[in-house]
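Here is a briefing for a reader new to this structure. Look at the model below, then take the points topic by topic.

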Amino acid sequence: MRSIVIFCIALGLPLLTQAAVANEQSPKSLNESRALDSSTVSEKVEADEGTVFTTNRRKNSTLNSDFDKNASNQDAPEVAFTLLGQDILRGSFERLYWTAGQAIAGLAMPTPILVAAGNKPGPTLCLTAAVHGDELNGVEAIRRVMFSLESDKLNGVVIGVPIVNMHGFRRTSRYLPDRRDLNRYFPGDPKGSSAGRIAHSFFNEIITHCDRLIDIHTGSFHRTNLTQLRGNLGKESVVQFSKMFHDVTVLDGAGAPGTLRRAAVDAGIPAVTLEAGEPLRLQLKEVIQSVNGIKAVMYHMEMIGQKPNRAPKQNVFYKSTWLRADQSGVFLTEAKLGQIVKKGDILGTVTDPITNRSSVIRSNVDGQIIGLALNQMVMPGFAAYHVGIAADEKKVAADKVADSIVAEALEPVAENMKEVAREAAQTAAKTSNDPAKVSAAARKAVQDATRNASQLVDQPKSDKDKDSSPNEIDKVIDPESISSPRPNDELEEHPE
Ligand SMILES: [Zn+2]
């Protein structure tokens, strides 16, 4: 008997301690995550609703008195919208919790979602950070934006997710626990890998509610980024959105498949990545630049009245290149982030610590340093400087239109050739089992078709096309329809 009591005490103590810790971290999260995991979501949330709102308001009153004051106004309970099964009232500031719906209830890792709903209706702007768990500048930028908002001066709703990848954040890691990069799995797959399911849940529960999205990142792997936007400037909606940032540098690119911003754009939500500084650090200058950029966007979206205090002047780069080390050794930079460089300029040195042999890294283009490696040991081929290449914007725009017309014109030709080759191969396969003969027949068919291809290109598709003069080209082409492959391979070196 006595031994059982001792056993219980020994067992009970650590269990109680753990429970206390869990409660402290997320007061209502365990209850809510269970509700979200089960099929009776609405019932449970409904039942909890009254207490949930009161609790959140009391908590937030210390953080933002203006929202609290307004929340106590019983006359205006108008619902702005519903998020995670909870009605968000106008003039309220809420802290909700999202879980990916796959956690074991006791081990759930709920992710806080901050929601500020202004008194007046308007668009919904979403801010996300730490999709890579080691990128901290965005976490602080979102905190500053969210807790500076005032309900009577805000039109619409701001949804702020300071830490999307909570798993990575707690382990100071870029990745999910299985070493997968969450920012390659959007919009996700409900039946896919763990990363695919997390991405799917987040995308559907949160991102689909956004009218516009700013996903904040930093450089990665011991590199730092000049505060800059990454956006697909082949999409008119993204061009307009990026201009709202006022004075933040822009780099064109569709983004790697699976990135949050690319998936959002594909879903019709204008989205950009805001890159600022380096991982694992909190850098005030980059945080302030990010906050200013977001506030400028909110002004241009007519969500706030506060005018940006800087002039709208943006550097836009349609192309960029990486300058690399040609030997191994100690890399020391002489050039600084943001520096304007000319072709031939010496930017840094690499010195072998054993032989003392040294070489320089020169710029091979005119442009601006938009990303650079921190001083470190490097190997030959190491990407040291990311340079945005200066180009004539009008020429680039013209090239883009030309590319899209070529792509459009070649599409039926390619289809036709595929069909011709397939038919030839199938006919050959009926008479011979020899793969060489089959492929030779298909090849010949394609060659013959190539000779006739000009006829295909020359045929206008409709009367409307026939009438359009060269000057009307930009009107005929819907910019949104230009899905522009324009793969910016160099970005892979410096992943978002
Ligand atoms: Zn990142």
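**Helix 6 and Met166**

Met166 lies in helix 6, which covers residues 166-170. The model is predicted.

- Met166 counts as partly exposed because 19 C-beta neighbours lie inside 10 Å, while a buried residue needs 20 or more.
- Leaving out residues up to four places away in sequence, Met166 touches Met109 and Thr111.
- Ala130 is 36 residues from Met166 along the chain, yet their C-alpha atoms are separated by 8.0 Å.

**The whole protein**

- The protein has 15 helices and 19 strands.
- It has 496 residues, and buried residues make up 38% of them.
- Consider the contacts with a separation of 6 or more: 67% of them join residues 24 or more positions apart.

**A loop residue: Asn119**

- Asn119 sits in the loop between strand 4 (111-117) and strand 5 (120-129).
- Is Asn119 buried or exposed? Asn119 is buried, because 20 other C-beta atoms lie within 10 Å.
- Asn119 and Ser151 are 32 residues apart in sequence, but their C-alpha atoms are 5.5 Å apart in space.

- Strand 9 spans residues 249-252, and both of its faces are covered.
- Thr249 and Leu251 are buried on one side, and Val250 and Asp252 are buried on the other.
- Strand 8 (residues 223-231) runs parallel to strand 9, and four bridges join the two.
- Gln228 has Thr249 in strand 9 as its bridge partner.
- From strand 8 the chain passes through helix 8 (residues 236-243) to reach strand 9, and this β-α-β crossover is right-handed.
- Strand 11 (residues 316-317) also pairs with strand 9, in the parallel sense, over two bridges.
- Phe317 in strand 11 stands opposite Leu251.

**Helix 7**

- Helix 7 covers residues 194-205 and has 12 residues.
- At 1.5 Å a residue it should span 16 Å, and its end C-alpha atoms are 16 Å apart, so the two values agree.
- The buried residues in helix 7 include Ala195, Gly196, Ile198, Ala199, His200 and Phe202.
- Strand 3 (93-98) is one of the elements covering the buried residues of helix 7.

**Helix 10**

- Helix 10 covers residues 284-300 and has 17 residues.
- Glu302 follows helix 10, and its phi is positive, near 60°.

**The largest nonpolar core**

- In soluble globular proteins, nonpolar side chains tend to be buried together.
- The largest nonpolar core here has 91 residues.
- Ile113, Val115, Ala116, Leu127 and Ile159 touch the most other members.
- Domain 1 (27-300) and domain 2 (320-389) both give residues to this core, so the core lies between them.
- Ile159 is in contact with Ile113, Val115, Thr124, Cys126, Ile206, His209 and Cys210, leaving aside neighbours within four places in sequence.

Methods. Residues numbered from 1 in each chain as written. Predicted model: local features only at pLDDT ≥ 70, side-chain atom pairs only at ≥ 80, totals over all residues. Buried ≥ 20, exposed ≤ 12 C-beta atoms within 10 Å, placed from the backbone. Contact = placed C-beta atoms within 7 Å. Pairing = 2+ DSSP bridges. Right-handed = clockwise from strand over helix to strand, strands pointing away. Expected span 1.5 Å × (residues − 1). Core = buried A, V, L, I, M, F, W, Y, C linked by C-beta atoms within 7 Å. Domains from an automatic or database assignment.
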